[in-house]
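Me: I want to go through the aromatic pairs in this protein. Please show me the sequence and structure.

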Amino acid sequence: MGKGAERSNEVPRHIAVIMDGNGRWAAARALPRPAGHRMGVRSVKQIVENCARRGVQVLTLFAFSSENWNRPQEEVSMLMSRFLQALDDEVEDLHKNGIRLSFAGNLQQLSPALRERMDAAAALTVGNSKMTLVIAIAYGGRWDIVSAARRLAERCVAGELRADDIDDAQFGAQLALAGLPDPDLLIRTGGEQRISNFLLWNLAYTELYFCDALWPDFNERELDAAIEHFGRRQRRFGLVPGQVGSR
């Protein structure tokens with residue numbers, strides 16, 4: 001699909017991705033799990049470049065879930081180290097390519113050193129407008145909803161808000177992706193067909209696309225297939241991304 005995807009008005013405005021299969025990719029090759037995560041970083045670079053080239057406005061990647069804290073400590077430490085290294089390696093290129101970087105999740109659970117680097121990366125790229133790249137880290141959809149409800153409850157107790165005034169817009173403004181359009185397309189790799197506590201509120205009307213490719217094998221061709229799937233749905237209902245009624 002290549003260049004055609006770049007010109008199409010059927011390219012999703014916002015793509016969200018559950019990147020699944022790094023460990024299985026390594027196991028299938030009798031390699032240690034970190035090898036799968038190293039190859040997964042390569043796929044992240046490719047999808048960021050390809051989405052930006054196609055005109056995607058927002059790309060949200062599920063990097064580390066709230067449930068991932070339950071993994072063995074050694075693996076958690078490896079994942080955090082890998083994330084920090086990727087952040088240091090890629091932030092300058094993201095900035096040069098006009099990509100704004102932001103983070104969504106319970107960031108207080110992360111180490112102060114990691115949060116400091118994340119804050120610096122977000123500050124460096126805050127003025128960029130070609131595409132917004134959201135990294136969901138220490139994120140859970142239930143945590144997101146509960147946190148939003150707690151903030152609204154606190155405002156009601158303080159007399160700043162009446163319970164009757166709370167609507168979809170008020171609630172959505174308290175969520176981690178506040179200010180961004182909801183995803184038009186969710187891609188999950190690795191063969192599983194579930195959303196795994198990801199963006200529970202924001203995915204209410206999102207087109208879901210599941211593929212068997214393990215994340216390290218997810219390439220431009222796989223992305224084209226996902227966007228083509230989305231385009232067929234749009235044509236079926238006579239809609240374009242972001243149009244009222246496509247929800």
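What follows is a short exchange on aromatic pairs.

Reply: This is a predicted model, where local features need pLDDT of at least 70, side-chain atom pairs count only at pLDDT 80 or more, and totals for chains, interfaces and linings use all residues. Residues are numbered from 1 along each chain as its sequence is written, and side-chain values use heavy atoms, with hydrogens and water left out.

Me: How many aromatic pairs are there?

Reply: Rings of Phe, Tyr and Trp (its six-membered ring) pair if their centres lie within 6.5 Å; planes under 30 degrees apart are stacked, over 60 edge-to-face, and the rest tilted. By this rule, the count is seven.

Me: Which parts of the chain does the pair of F62 and F198 tie together?

Reply: The two rings are stacked, 4.2 Å centre to centre with 10° between the planes. Helices (H or I, at least four residues) and strands (E, at least two) are DSSP runs, numbered from the N terminus. The partners are 136 residues apart in sequence, so the pair ties together strand 2 (residues 58-65) and the loop between strand 5 (185-188) and strand 6 (207-210).

Me: Is F198 buried or exposed?

Reply: Buried means under 20% relative accessible area, exposed over 50%, and partly exposed in between (1.4 Å probe, protein chains only). The relative accessible area of F198 is 0%, so F198 is buried.

Me: What kind of pair do F83 and F103 form?

Reply: F83 sits in helix 4 (residues 73-96) and F103 in strand 3 (residues 99-104), 20 residues apart. Their ring centres are 6.3 Å apart and the planes lie at 80°, so the pair is edge-to-face.
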